[in-house]
Amino acid sequence: MHRYLIMEETIHVIGHKNPDTDSICSAIGYAFLRNALGDDEVRPARAGNLNSETRHVLERFSLPEPDLITSATGLRLILVDHNEVAQALDDIRHGTVLEVWEHHRIGDLQIPSPITFHCEPVGATATLIAEQFFLNDIEPPPPIAGALLAAILSDTLVLASPTTSNKDRRMAPRLAALAGVDVAEFGAELMAARGDIATRSARDLVEADFKAFNFSGNHVGIAQVEVPDARPLAARRAELLEAMRRVKAEQNLRLVILIGTDITRKGSHLWAVGEGLDVVEHAFKCSSGEEGVFLEGCMSRKKQIVPVLETAFAGAALANT
Ligand code: MN
Ligand code: MN
């Protein structure tokens with residue numbers, strides 16, 4: 001497998017820590033586009049290990065793994081799929097961020113110079129990257145189209161998540177045609193590549209898709225596991241809560257939440273450990289004991305969990321002043 005060449009003047013395109021398929025494939029896709037536009041110094045990178053789904057995608061389309069970057073110091077970076085300090089490389093403030101391509105809330109990253117900051121409420125960053133290909137009249141080759149499609153289907157749970165926008169629905173079939181795959185079949189293949197949760201450790205389930213947030217000074221970790229059937233997950237609740245407590249202590253967080261999304265039932269279990277459980281209970285009008293709560297219709301951390309907690313913690317902070 002060949003490695004991407006790193007040069008002095010290299011600009012790295014990089015997604016968030018605990019990278020998912022969108023972070024990896026948007027980086028690969030955007031770097032490819034910039035190369036096609038003549039910007040040879042742009043290279044894809046990753047801020048952590050690949051998950052099993054992303055590994056499957058890269059192998060399927062024979063795409064090389066982007067280089068691992070663990071420090072931003074002195075580097076020139078284009079961020080994809082994140083713009084919050086807590087989700088970026090730890091020393092992101094010592095790097096130079098040149099652009100941001102994003103579909104999450106506007107975060108807390110302070111950038112001193114004027115930059116391209118493209119943020120839209122679509123289902124995946126890859127949708128915005130795909131659109132850039134078409135706007136620039138550059139046809140993504142099959143592996144790049146396949147990788148971008150994988151990212152869209154991964155983030156939107158095969159276009160079923162409430163985060164799915166019309167732009168995602170338009171880009172997906174165009175990319176599928178270029179990649180030579182069927183959207184539904186390829187979606188099922190991707191979901192299967194996530195692996196059987198029975199074979200994964202509680203620790204891995206909590207850490208694989210873990211994001212840290214700063215809610216009015218409260219450092220909160222929110223993990224999400226999306227599975228066709230969440231019952232086996234609920235059965236391992238005690239083990240998961242223990243893993244959450246360990247991660248909370250290690251990362252010095254105030255609160256750790258696990259969202260166990262049941263794709264078939266179209267809802268999510270919510271379990272929480274730490275301080276501020278009263279805020280969580282108030283926010284979701286639930287009791288957040290060991291049993292947790294099942295939130296009907298809730299499938300998106302970004303759209304249905306994070307904004308609710310942000311408002312709840314802001315309200316709690318106000319009440320305490
Ligand atoms: Mn992501
Ligand atoms: Mn994303």
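Donors are the N, O and S atoms within 2.8 Å of the metal, with water not among the atoms, so sites may look incomplete. The legends below describe close-up views of a predicted model.

**View 1. Protein donors of the manganese ion (ligand 2).** Along the chain, the donors of this ion are spaced as D-x58-D-x21-H-x51-D. They are Asp-22 (OD), Asp-81 (OD), His-103 (NE2) and Asp-155 (OD), and they lie 2.1 to 2.2 Å from the manganese ion (ligand 2). His-103 sits in the loop between strand 5 and strand 6 (116-119), whereas Asp-155 belongs to helix 4, so this pair ties together parts 52 residues apart in sequence. With a relative accessible area of 3%, His-103 is buried. Asp-155 has a relative accessible area of 18% and is also buried, because the cut-off for buried is under 20%.

**View 2. Protein donors of the manganese ion (ligand 1).** His-16 (NE2), Asp-20 (OD) and Asp-81 (OD) coordinate this ion at 2.1 to 2.2 Å. The spacing of its donors along the chain is H-x3-D-x60-D. Distant parts of the chain are linked by the pair His-16 and Asp-81, which are 65 residues apart. His-16 is in the loop between strand 1 (11-14) and helix 1 (21-36), and Asp-81 is in the loop between strand 4 (76-80) and strand 5 (96-102). His-16 counts as buried at 1% relative accessibility, and Asp-81 counts as buried at 0%.

**View 3. The two manganese ions and Asp-81.** A distance of 3.5 Å separates the manganese ion (ligand 1) from the manganese ion (ligand 2). Asp-81 coordinates both ions.

**View 4. Crossing of helix 1 and helix 4.** The axes of helix 1 and helix 4 (residues 142-155) come within 8 Å and cross at roughly 150°. Angles over 145 degrees count as roughly antiparallel, and helix 1 and helix 4 are therefore roughly antiparallel to each other. Their crossing is left-handed. On helix 1, the contact is made by Thr-21, Asp-22, Cys-25, Ser-26, Ile-28, Gly-29 and Phe-32. Helix 4 contributes Ile-144, Ala-147, Leu-148, Ala-150, Ala-151, Ser-154 and Asp-155. By class, 8 residues of the contact are nonpolar, 4 are polar and 2 are charged. Asp-22 and Asp-155, both listed in this contact, are also among the donors of the manganese ion (ligand 2).

Key: Residues numbered from 1 in each chain as written. Chains lettered and ligands numbered in written order. Predicted model: local features only at pLDDT ≥ 70, side-chain atom pairs only at ≥ 80, totals over all residues. Heavy atoms only, no water. Donors = N, O, S within 2.8 Å, 3.2 Å for Na, K, Ca; no water. Helix = DSSP H or I, 4+ residues; strand = E, 2+ residues; numbered from the N terminus. Buried < 20%, exposed > 50% of the residue type's maximum accessible area, 1.4 Å probe, protein only. Axes fitted to C-alpha atoms, helices over the stretch in contact; angles between N-to-C directions. Parallel < 35°, antiparallel > 145°, perpendicular 65-115°, else oblique. Left-handed = near helix turned anticlockwise from the far one by under 90°. Contact = heavy atoms within 4.5 Å. Nonpolar A, V, L, I, M, F, W, Y, C, P; charged D, E, K, R; others polar.
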